Amino acid sequence: MLGDIVVRLYDETPIHRDNFLKLVKEGYYDGDGQYTVFGEVEEGLDVVEMIQGTATGRADRPVDDIEMRMIAIE
């Protein structure tokens, strides 16, 4: 594990926020190359930068799996 990331989701977009949380719980974003932006990284940007520096192969996918074991959503 590279580290922890804390994400703050915006209350100003409750429908988007709640849909994002639903999709996270369903595993929609687990390694399928999809992403979306509904907030910002409050802590753990160093982890994001480490992920950004990870070696990639075909289709710009990481050569080694990156596993997030804990995600704190406030």
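These are my notebook entries on one predicted protein model.

**Ground rules**

I number residues from 1 along each chain as its sequence is written.

**Confidence**

I looked up pLDDT, the predictor's confidence in each residue, from 0 to 100. The mean for the protein chain is 75. I noted that 68% of its residues reach 70 or more. Helix H1 (residues 14–25) has the highest confidence, at 85. Strand E3 (residues 71–73) has the lowest, at a mean of 65. Where pLDDT is low, the predicted coordinates should not be read in detail.

**Layout**

I found two helices and three strands in the protein chain. Both kinds of element are DSSP runs, numbered from the N terminus: helices are H or I with at least four residues, strands are E with at least two. Read along the sequence, the pattern is β-α-β-α-β.

**Surface and contacts**

I checked burial next. Buried means under 20% relative accessible area, exposed means over 50%, and partly exposed lies in between (1.4 Å probe, protein chains only). Of the 74 residues in the protein chain, 14% are buried. The accessible surface comes to about 6000 Å² (Shrake-Rupley method, 1.4 Å probe; for residues, only the protein chains shown count as cover). Carbon and sulfur atoms hold 51% of that surface.

Then I turned to contacts, meaning heavy atoms within 4.5 Å. I took those between residues at least 6 apart in sequence. Among them, 64% join residues at least 24 apart.

**Salt bridges**

Side chains of opposite charge can pair when their charged atoms come close. I used this rule: a side-chain nitrogen of Lys or Arg within 4 Å of a carboxyl oxygen of Asp or Glu. The count came to three salt bridges.

Which residues are linked in a network of salt bridges? I found Asp-11, Arg-17 and Asp-18 there. Asp-11 pairs with Arg-17, with the closest N and O atoms 2.9 Å apart. Arg-17 also forms a salt bridge with Asp-18, again with 2.9 Å between the closest N and O atoms.

Arg-17 is buried, at a relative accessible area of 18%. Asp-11 is exposed, at 58%. Asp-18 is partly exposed, at 41%.

I placed Arg-17 in helix H1. I set aside residues up to four places away in sequence and listed what Arg-17 touches: Leu-9, Tyr-10 and Asp-11.

Glu-26 and Lys-22 form another salt bridge, with the closest N and O atoms 3.2 Å apart. Glu-26 is exposed, at a relative accessible area of 52%. Lys-22 is partly exposed, at 43%.

**Glu-42**

My last stop was Glu-42, in strand E2 (residues 39–43). Is Glu-42 buried or partly exposed? It counts as partly exposed, at 35% relative accessibility.

How many residues apart in sequence are Glu-42 and Val-7? I noted 35 residues, with 5.6 Å in space from C-alpha to C-alpha. Glu-42 touches Val-6 and Arg-8, not counting residues up to four places away in sequence.

Terms used
Predicted model: local features only at pLDDT ≥ 70, side-chain atom pairs only at ≥ 80, totals over all residues. Heavy atoms only, no water.
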